[in-house]
Amino acid sequence: MITLGEISVDLSDPVVWAVVGGAVALVLLMVLILSGLKAAKRSALAVEPLAHHMAALGKTVQALGQGQERLAGGLAAVSDHQARAQASLQEAMERRLEEVQKGMSETLHGTSTRTARSLGELQQKLEQIDRAQAKIEKLSGDVLGLQDILSNKQRRGMFGEIQLNDIVSGALPPDAYALQATLSNGKRADVLIHLPNPPGPIVIDAKFPLEAYEALMRAPNAEAQARALREFGAAVRVHIKAISEKYIIEGETADGALMFLPSEAVYAELHARLPEVVRAGFDARVWIVSPTTCMATLNTMRAVMKDARMREQAGEIRKALKQLHRDVEIVGERAGKLEAHLRQAGDDVAGILTASSRAGKRAERLDNFDFEEMAPDGAGVVPLPRG
């Protein structure tokens with residue numbers, strides 16, 4: 001509520017606010033009319049140069065319309081040329097794409113054929129690799145097994161004995177040798193060869209100085225190598241002495257024995273670098289052999305056994321020859337008697353044939369005899385023809 005002198009105005013009445021708004025709007029309208037009159041004067045002064053500009057602008061717009069028409073014609077010509085060029089380009093591209101597609105098809109076919117062939121060859125090679133891998137795995141297992149055997153001294157000795165047994169059994173007949181034979185001194189020999197006297201039974205004992213040999217192979221320098229070589233020679237000398245003392249028995253075995261080394265590498269190293277040890281074996285009447293030289297030695301022993309057996313059987317052969325000669329003489333005598341009997345039988349058969357022939361002739365005469373022709377003084381008597 002506002003009081004203006006004697007008049008009170010209620011501001012909450014909407015009519016009051018409507019009257020106030022109408023008054024304000026009237027005031028604003030009058031202000032705008034006065035401003036428009038002033039602006040009209042200023043616009044009248046500015047319209048004249050604007051009219052000149054509008055006329056120039058109209059001419060420019062007309063020129064632009066003509067240029068637009070010419071541009072439209074040029075664009076149509078360019079569009080036609082572009083369409084023809086695009087069609088020609090599309091045709092050329094289609095031909096080119098067809099040629100490329102054909103070439104690609106041939107190339108892909110050839111590539112596919114070569115790829116298939118290559119895959120087939122690759123498959124075969126992979127199969128070969130698989131087989132080789134299987135063999136390598138088996139060989140690795142065998143090598144590990146052999147390494148395990150050789151790492152143990154007792155198993156290593158058994159390995160040498162088994163290899164020696166295989167060589168001996170392949171070279172000699174079963175009755176020519178004995179395995180693990182016990183001698184009179186109680187020592188057990190790996191193999192005892194039954195050679196005739198002389199030289200007599202000979203022992204072969206397997207030895208494998210692997211530790212000393214491996215130490216020699218692993219020696220890092222010349223000093224260590226020389227030391228390992230001496231130890232290797234000492235180990236072999238120990239084996240030579242043991243074989244000489246155990247397996248050479250006067251009157252029971254041959255005047256010598258064989259030491260079998262189951263490794264060609266150890267045998268070659270010993271002969272190449274320690275010839276004095278080999279000569280020491282000769283002095284002790286112990287001959288060192290490898291798998292190869294052992295087989296050659298056994299073949300020589302087999303020939304010796306064969307020759308000895310032939311000499312032992314020579315008397316029997318001569319006795320058998322005498323009996324064979326007597327049997328031939330008896331056959332000759334029997335054949336002579338049979339010939340005489342056959343000759344006598346031939347004579348008898350000839351006599352029988354002659355008598356049979358005469359009897360036949362007489363029978364023929366009797367058959368042709370005429371009984372009606374009889375002599376007057378011989379009635380009732382039929383004369384017999386004379387032979």
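This is a predicted model: local features need pLDDT of at least 70, side-chain atom pairs count only at pLDDT 80 or more; totals for chains, interfaces and linings use all residues.
Good morning. The term salt bridge refers here to a side-chain nitrogen of Lys or Arg within 4 Å of a carboxyl oxygen of Asp or Glu. In general, side chains of opposite charge can pair when their charged atoms come close.

Residues are numbered from 1 along each chain as its sequence is written, and side-chain values use heavy atoms, with hydrogens and water left out.

Where do Glu-91 and Arg-95 lie? Both belong to helix H1, residues 14-151, and they are 4 residues apart, about one turn of the helix. Helices (H or I, at least four residues) and strands (E, at least two) are DSSP runs, numbered from the N terminus. Glu-91 is partly exposed, with a relative accessible area of 46%, and Arg-95 also counts as partly exposed, at 46%. For these classes, buried means under 20% relative accessible area, exposed means over 50%, and partly exposed lies in between, with a 1.4 Å probe and protein chains only.

The secondary structure of the protein chain comes to 8 helices and 7 strands. Of its 387 residues, 20% count as buried. Contact means heavy atoms within 4.5 Å. Among contacts in the protein chain with a separation of 6 or more, 60% are between residues 24 or more positions apart.

I turn to the sheet. An open sheet of 5 strands runs in the order E3-E4-E5-E6-E7, with mixed pairing. Strand E3 (177-182) and strand E7 (286-289) stand at the edges with a single partner strand each, so one side of each has no neighbour in the sheet. From one strand to the next, the twist averages 30°. Two strands pair if DSSP finds at least two bridges between them. As a general point, strands of a sheet pair through backbone hydrogen bonds, either parallel or antiparallel.

Consider strand E6, residues 257-260, which pairs with strand E5, residues 202-206, in the parallel sense over 4 bridges. Ile-204 has Leu-258 in E6 as its bridge partner, and Ala-206 stands opposite Phe-260 in E6. E6 and E7 also pair in the parallel sense, over 4 bridges, with Ala-257 opposite Val-286 in E7. Are the residues on the two faces of E6 buried or exposed? Ala-257 and Met-259 on one side, and Leu-258 and Phe-260 on the other, are all buried.

Next come the helices. Helix H4 (residues 222-247) and helix H6 (residues 275-283) pack at an angle of about 10°, with their axes 10 Å apart. Axes are lines fitted to C-alpha atoms, for helices over the stretch in contact, and angles run from 0 to 180 degrees between N-to-C directions. H4 is therefore roughly parallel to H6. Angles under 35 degrees count as roughly parallel, over 145 as roughly antiparallel, 65 to 115 as roughly perpendicular and the rest as oblique. Gly-233, Val-236, Arg-237 and Ile-240 of H4 make the contact with Glu-276, Val-277, Ala-280 and Gly-281 of H6.

H4 also meets H5: their axes come within 12 Å and cross at roughly 105°. This makes H4 roughly perpendicular to H5. Here Gln-225, Leu-229, Phe-232 and Val-236 in H4 meet Val-266, Leu-270 and Arg-273 in H5.

The side chains of Arg-273 and Glu-269 meet in one of them, at 2.9 Å from N to O. These two residues are 4 apart in helix H5 (residues 264-273), or about one helical turn. Arg-273 is partly exposed, at 32% relative accessible area, whereas Glu-269 is buried, at 15%.

Finally, Asp-255 and Arg-285 join their side chains in a salt bridge at 2.2 Å, N to O. Asp-255 lies in the loop between H4 and E6 and Arg-285 in the loop between H6 and E7, so the pair ties together parts that are 30 residues apart in sequence. Arg-285 counts as partly exposed, at 34% relative accessibility. Thank you for your attention.
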